[in-house]
There are 2 protein chains.
Amino acid sequence: MADNRHRSVFLQDVPLQEARSRFERALQNANLWEPLESESIPLEQALGRVSAEPAWAKISSPHYHAAAMDGYALRAAETEDASDRNPVTLLVDQQSQYVDTGDPLPDWADAVVPIEDIEVLYETQMTQEKSIRLMAPTSPWSNVRLLGEDMVATELIIPSGQKLRPVDLGAIAAGGFDRLQVWRKPRVAIIPTGTELRAMGQPVKSGEIIEFNSLVLASQVENWGGIPDRLPIIPDELEKILDVTANASIDHDLVLIIAGSSAGTEDFTADVVESLGTLLVHGIAVRPGHPVILGMIEKTSKGGAPRLEKPIPVIGVPGYPVSAALTGEIFVRPLLRRWLSEQDIQPELITAELVRKVHSRAGDLEYLRVTVGKVGERWIASPLSRGAGVITSLVRADGIVEIPAGIQGIPSGENVAVRLYRSRQELERTILALGSHDLTLDLLAQFLSMRGSRLSSGNLGSLGGLIALQRGEAHLAGSHLLDPETGEFNLPYIERYLPSIPVVVVSLVGREQGLVLAPNNPKSITGLEDLARTELAYVNRQRGAGTRILLDYQLDQLGIDPLSIHGYQHEEYTHLAVAAAVASGRADCGLAIHAAAAALNLDFLPLFQERYDLIIPKEYHESAKLRPLLQLLGDTEFQETVASLPGYSIDRMGEIVAVMD
Amino acid sequence: MADNRHRSVFLQDVPLQEARSRFERALQNANLWEPLESESIPLEQALGRVSAEPAWAKISSPHYHAAAMDGYALRAAETEDASDRNPVTLLVDQQSQYVDTGDPLPDWADAVVPIEDIEVLYETQMTQEKSIRLMAPTSPWSNVRLLGEDMVATELIIPSGQKLRPVDLGAIAAGGFDRLQVWRKPRVAIIPTGTELRAMGQPVKSGEIIEFNSLVLASQVENWGGIPDRLPIIPDELEKILDVTANASIDHDLVLIIAGSSAGTEDFTADVVESLGTLLVHGIAVRPGHPVILGMIEKTSKGGAPRLEKPIPVIGVPGYPVSAALTGEIFVRPLLRRWLSEQDIQPELITAELVRKVHSRAGDLEYLRVTVGKVGERWIASPLSRGAGVITSLVRADGIVEIPAGIQGIPSGENVAVRLYRSRQELERTILALGSHDLTLDLLAQFLSMRGSRLSSGNLGSLGGLIALQRGEAHLAGSHLLDPETGEFNLPYIERYLPSIPVVVVSLVGREQGLVLAPNNPKSITGLEDLARTELAYVNRQRGAGTRILLDYQLDQLGIDPLSIHGYQHEEYTHLAVAAAVASGRADCGLAIHAAAAALNLDFLPLFQERYDLIIPKEYHESAKLRPLLQLLGDTEFQETVASLPGYSIDRMGEIVAVMD
């Protein structure tokens, strides 16, 4: 807490390219910008490893002429005249010999006739002398696998630098190997730092955080072919971090120190790197993720300690989870690829239309997470939360758009290149829902995933969803818009906002709207009338949300001036976020659905019933893509699951409320 | 050897669809056509596993309002009037409080101002009373991570059926989990059978075969998420195979019996399956791979043994390696996907032009292996060896073309759908070389692979290569065609066969051609004149091969009638295959290059020097794709490696012999 610990050092963000080249140069100087050593391993363990030597066949395969069928080996020339009318008879063991598939061809034979094309004759029961009869000639080398048919000794089976697949291993074994030189897996130490961190599975109090960055980084390292080593959490103490880092550099190829990479009072990573070696970069102009540290560890303790045999690269990884995961992708992955001599596989790129404008900090390269879907013939990219702490944005991301440094932002409607996280195939079958958020959409997503389909939903509020449909940016919109004049839901709004698009309106659920209250209602709130009480703090929904329209309508009926309500300006984007605001004490009440209050164990004062519909353009209502979703609305298990949520009614689920041409 | 062991049972090949549906029906009846049980595992072990339950957040993240920056927490309202001219001063610990990133926001505060935007003032050194000064207002909730910013308790983090990625694990941990239910990995027993089999790494005699099918199948199972269990090799003895199979079915989910699935004297798999349960299918109309067995094991020994708790599926896998690997893909993979509830990811399909006609057995579905490359704007597919024993054809295959049953073949030039084994990206940077085969091409492939490029070479002989260039089917052709009239190499042929395509002729190597002989030359061959000796067996190259043209020219000079040469009709497609024919005793001599004789420790009688050139259409000679290859021709390490091969000269390597417009 004491300000005398404040650093005078502030981050000097350098451009990503500059950071990369400083790091690469230092690695090159240490002969570390190349594959690590190779090691010989048994083929049984070589799946997915990268060959460090070419495999040239040591033996031919087959290494002898082999029968390719069960049958009789013989000399083709002796069958030349055989026909139905003039069968040829050959003595067994003199002129012919039985062979199983894979048996070596006798030296004197040059063909095999399959057993089913042969008649076996016995001269007498006594002598057991035997012969075979053929009705057709055979050609030389028929039904014979010639020596070297598959490979001839000295032929190249696989080059070095090949990631070994099952058939590669088979072919290498066929060439006479049982071991192979592959590049050694890099060992990566992962050190989470932070006094506030708690290991997964432990209860957390306010101010404590579950440590999962090391799990994400370890899983990335494993995916990329390294051996991760997650070390225990270290509190923010310079000496401890220094000791653990120094020790880790003795038996690892790369050290990742998580958090403490910024310039705050408890950020020691830069000091640690400077004490043990060279600090190359402190701060990179990328968002999210800028307080990245790059350096080389050269000795195992401060001061005049002996130098390491070779320097060990160290990366200070920012503590925000999105920054941490992206730092892995930007710096750890290329290094591991280089060390494993793996081909750099560029992810698939597609061009998509960005549907909301994005402002960006001009000096920084930004990695913008987006969802991607195909609506009609257009690929659509919608920006996700840009917070560095929102790891769910990476879970939900279908791809990344890079906004180069020097650009202030991207206008809506612009085409952007998206680096895909999911296959184009998966995205092609994804249903895009924009509009009002409802828990039922999460359930739909869950049930659809078990049926090989996929629902990606974005929350823009009910009106936002209708506008998105009008712009052709979604396959359907969830909406619960009350028309103050008619008391009808959705239909009047569709007439106004979707004049040119024929739609089918399908009822999803009926919902109870009401006030979410702190447990036991400490402020004794009894209805919307209480919102005028000046000591109360309200939490609102954003403009365009059905719940906001409902509130404004009701306030108007009650003659309450919205601007007189304390907290009317505080907008949240989901029911759950409203409930969360009440749970945290930031607000005393907010209008939301019953289920949101129940989710956070809050009190609920029911006020209204509303209809939540799916608005589906006719074109998509009839498409194969939406069929699994529409079928689910009639599925008993799905209906029962929804009905078990508090405040939900499924009476009209799946009913076509209107068809509007 | 005794024919009384011949079976009366012949295979009844059924169509693939029929086989699949019999198998699926039997699995359904046993409740095995669905995911196996789930198991709870720690998140640390869950990478790549498939979730068997949705993860709904147990806690919110963050679970309190947290400072998003190092700085001072304060009430935004108190900063409202701050400006350069009118700074606002707030007392520390009363009106403001220092917070590190991640610290909880004090109850009374609603914003954080970053440390760099604040001036710290000390009233006196004695009291240490402190205040902060601000020059600008701040808005409520700025630099605060609100409770639930990432996720609110009860929100869906990931659905069930999701293959878990690093960020998924992080998000699940953030939601309060340290374990998750995932689908159990299937245990697969793999039983290699065959008296002739030897384990990898053991020496093999004639008639003995290295057992590697179990390695390929085990690696496939591992790749597809199962736990493979490779059992020791069992000889072809009914009782032993029966015992091992019965035991394996007790503690595995699937049993694979390799080989013995045909109808020969030593094929016991069908008997074993019938004795222990139900034989569903014996023989499927697919090529390669038809003697596949599908069945269910229902008890642990013959006769009236007690039934297993649930039947265990068993697959009799053909012994030919290509058939074995394809059987894995066709039957094992879909079963494992089903058991693991994994989405069926269709491999990428492209449309390519088939450059050689293919005849197919009309009754069978054929899996045709092809190489794929992009020449100009056209995707080109060339068929590889179709032998069921040629595993290198799967190693080299870039994709598979399915030729449906009922079709007699596909004409050259037809567009076909290719299921890709490599990424389109990798194939786009692949250099296609067709024409004469040379060991240097293998070395080029090896060196290019280390430079991130790829060479795929197909052997059509020198003339075949020129014709392929004329048709636009390759980026370059290797050629060593002697013109009998001028004594010049290649150029006259290019004028004749490539009249309309401007090419650059680049010398690759000089080579020694001569007769490959058995060690110590037992037949005392001293020159081509000896080929007229009737007791000698010659092995020839195919028509269009440069070596064949060389031979025919020299025979003409010597006045030897080719048809008088015993073995003139025996054509092989590579130098190494010619050497292999001599090594096996099938031929006494053949014309080939020195290196081929050396590779198999054979004698060599040098006769001619020839020039082996790369013929490269100008368009590709100047392309980025070929640059790494052309650069290699000047690379010292590459040159030294080639020069160390017997009979090779690199004097003119890389020299442009001619530019022909």
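Q: What rotation and what shift along its axis superpose chain B on chain A?
A: The model is predicted; local features need pLDDT of at least 70 and side-chain atom pairs pLDDT 80 or more, while totals for chains, interfaces and linings use all residues. Residues are numbered from 1 along each chain as its sequence is written, chains are lettered from A in the order in which they are written, and side-chain values use heavy atoms, without hydrogens and water. Copies are superposed by least squares on the C-alpha atoms of residues with pLDDT of at least 70 in both. Here a rotation of 180 degrees with 0.0 Å of shift brings chain B onto chain A, with an RMSD of 0.1 Å. That is the relation of a two-fold axis.

Q: Through which surface do the copies meet?
A: Contact means heavy atoms within 4.5 Å. Of the interface residues of chain B, 99% are also interface residues in chain A, so the copies meet through the same surface.

Q: How many salt bridges are there over all chains?
A: Side chains of opposite charge can pair when their charged atoms come close. The rule used is a side-chain nitrogen of Lys or Arg within 4 Å of a carboxyl oxygen of Asp or Glu. By this rule the count over all chains is 87.

Q: Where in chain A do the partners A:R511 and A:D438 lie?
A: Helices (H or I, at least four residues) and strands (E, at least two) are DSSP runs, numbered from the N terminus. The salt bridge between A:R511 and A:D438 has its closest N and O atoms 2.4 Å apart. A:R511 is in strand β32 (residues 503–517), and A:D438 is in the loop between β29 (430–435) and α9 (439–449); the pair links distant parts of the chain, 73 residues apart.

Q: Is that pair buried or exposed: A:R511 and A:D438?
A: Buried means under 20% relative accessible area, exposed over 50%, and partly exposed in between (1.4 Å probe, protein chains only). A:R511 is buried at 1%, and A:D438 is buried at 0%.

Q: Which residue forms a salt bridge with B:R511?
A: The partner is B:E610, with the closest N and O atoms 2.7 Å apart. B:R511 belongs to strand β32 (residues 503–517) and B:E610 to strand β36 (residues 603–617) of chain B, 99 residues apart. B:R511 is buried, with a relative accessible area of 1%; B:E610 is buried as well, at 5%.

Q: What parts of chain B does the pair of B:R230 and B:E211 tie together?
A: Their side chains meet in a salt bridge of 4.0 Å, N to O. B:R230 lies in strand β16 (residues 227–230) and B:E211 in the loop between β15 (209–210) and α3 (213–223), so the pair ties together parts 19 residues apart in sequence. B:R230 is partly exposed at 28%, whereas B:E211 is buried at 5%.

Q: Which residues are linked with A:E37 in a network of salt bridges?
A: A:R184, A:D253 and A:K310 are linked with A:E37 in that network.

Q: How many disulfides does the structure hold?
A: A disulfide is a covalent bond between the sulfur atoms of two cysteines. The cut-off is a pair of cysteine sulfur atoms within 2.5 Å. The total over all chains is 0. Among the cysteines, A:C589 is buried at 0% relative accessible area, and B:C589 is buried at 0%.
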